[in-house]
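Student: I have just opened this entry and would like a guided look. Could you take me through it step by step?

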Amino acid sequence: MADNVLESRRIALEESFFRKENERLRERMRIAREREAARQALASELGLRDEALLDRLLDLGIRIDTVEALALAPLAFIAWADGTMEPHEHDAVMRGAEGSGIAPGSPGYALLETWTKQPPPAELMESWRAYIQALVGELSTEQRAALEERILGRAHAVAKAAGGFLGLAAVSKEEEAMLAELKRAFGD
């Protein structure tokens, strides 16, 4: 009788263990499927085939519903170039978002707004640069020039937004250096 009770208990413990293990495995598989679906959607949206770059973007929170913020990341880079985000720079970044069709309240807008509250991670600059270089390789000369003009124009507007004394100050040295770094991403 005692053997039956011990055997029943052993079986119950094994079943419980394997049930929990199966649940963990199913959860890991679900997460992997979701990540793969997100990678595929991002690849399709961005026209990228570089899986390492796609994984880096996913790790940075870039998804299909926030991908438009990636194109505007340079606005945050410029605004933070001197180490602070001035109120006028914040407003210029968010105007840039709205001017690009990123609606307030959307996930892309929210992501961009987080980059105005704290500096974007350094990995974002590397990923943005890799994204732009991959994109430029797929564009015609005219398309590349238009994209560069649009991104650098908005970035320059943010750089000038801090204004300085009576709004007459030129772009800071740090912002000039960041503008040059952004320009290099386009192969210039």
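This is a predicted model: local features need pLDDT of at least 70, side-chain atom pairs count only at pLDDT 80 or more; totals for chains, interfaces and linings use all residues.

Student: Fine. How much space lies in the largest pocket?

Tutor: The largest pocket holds about 210 Å³ of space.

Student: And which residues line the largest pocket?

Tutor: The lining consists of E68, A71, L72, S100, I102, Y131, I132, L135, L147, R150, I151 and R154. Two or more of these residues come from each of helix 3 (67-79), helix 6 (122-138) and helix 7 (141-161).

Student: Which helix gives the most to that lining?

Tutor: Helix 7 does, with 4 residues.

Student: How do the lining residues of the largest pocket divide by class?

Tutor: There are 8 nonpolar residues, 1 polar and 3 charged.

Student: What about the second largest pocket, what volume does it have?

Tutor: Its volume is about 160 Å³. The residues around the second largest pocket are E45, L46, V67, E68, L70, A71, Y131 and L135. Helix 1, helix 3 and helix 6 each supply two or more of them.

Student: Let us change topic. Which residues of helix 2 are buried?

Tutor: Helix 2 covers residues 51-59, and its buried residues are L53, L54, L57 and L58. Viewed down the helix axis, these buried residues fall within an arc of 140°, so they line one face of helix 2.

Student: What is found at the start of helix 2?

Tutor: There, a side-chain oxygen of D50 comes to within 3.0 Å of the backbone nitrogen of A52.

Student: And what follows helix 2?

Tutor: G61 follows it, with a positive phi near 90°.

Student: On to helix 5. Which of its residues are buried?

Tutor: In helix 5, residues 107-117, the buried ones are G108, Y109, L111, L112, W115 and T116. Seen down the axis they lie within an arc of 165°, so they too line one face of their helix.

Student: Which helices do the buried residues of helix 5 pack against?

Tutor: They pack against helix 3, helix 4 (87-99) and helix 6.

Student: Now some single residues. Is R39 buried or exposed?

Tutor: R39, which belongs to helix 1 (residues 2-46), counts as buried because its relative accessible area is 11%, and the cut-off for buried is under 20%.

Student: What is R39 in contact with?

Tutor: Apart from neighbours within four places in sequence, R39 is in contact with E51, L54, D55 and L58. Of these, L54 and L58 are among the buried residues of helix 2.

Student: And R129, buried or exposed?

Tutor: R129 lies in helix 6 and is buried, with a relative accessible area of 17%. Not counting residues up to four places away in sequence, R129 touches E181 and A185.

Student: Last one: where does P104 lie?

Tutor: P104 is in the loop between helix 4 and helix 5. P104 is exposed, with a relative accessible area of 53%. Residues up to four places away in sequence aside, P104 touches E98 and Y109.

Student: How many residues separate P104 and L135 in sequence, and how far apart are they in space?

Tutor: P104 and L135 are 31 residues apart in sequence and 26 Å apart in space, C-alpha to C-alpha.

Definitions and conventions:
Residues are numbered from 1 along each chain as its sequence is written. Side-chain values use heavy atoms; hydrogens and water are left out. Buried means under 20% relative accessible area, exposed over 50%, partly exposed in between (1.4 Å probe, protein chains only). Contact means heavy atoms within 4.5 Å. On a 1 Å grid over the protein atoms alone, a cavity is a set of points where a 1.4 Å probe fits but cannot get out, and a pocket is an open set with protein on both sides within 12 Å along at least five of seven lines; lining residues have an atom within 4 Å of a point. Grid points are joined across faces, edges and corners, and a volume is the space filled by probe spheres set on the points. Ala, Val, Leu, Ile, Met, Phe, Trp, Tyr, Cys and Pro count as nonpolar, Asp, Glu, Lys and Arg as charged, and the others, Gly among them, as polar. The arc is that of the directions from the helix axis to the C-beta atoms. A polar contact is a pair of N or O atoms within 3.5 Å; within protein, one must be able to donate a hydrogen and the other to accept it, and residues adjacent in sequence count only if both atoms are side-chain atoms.
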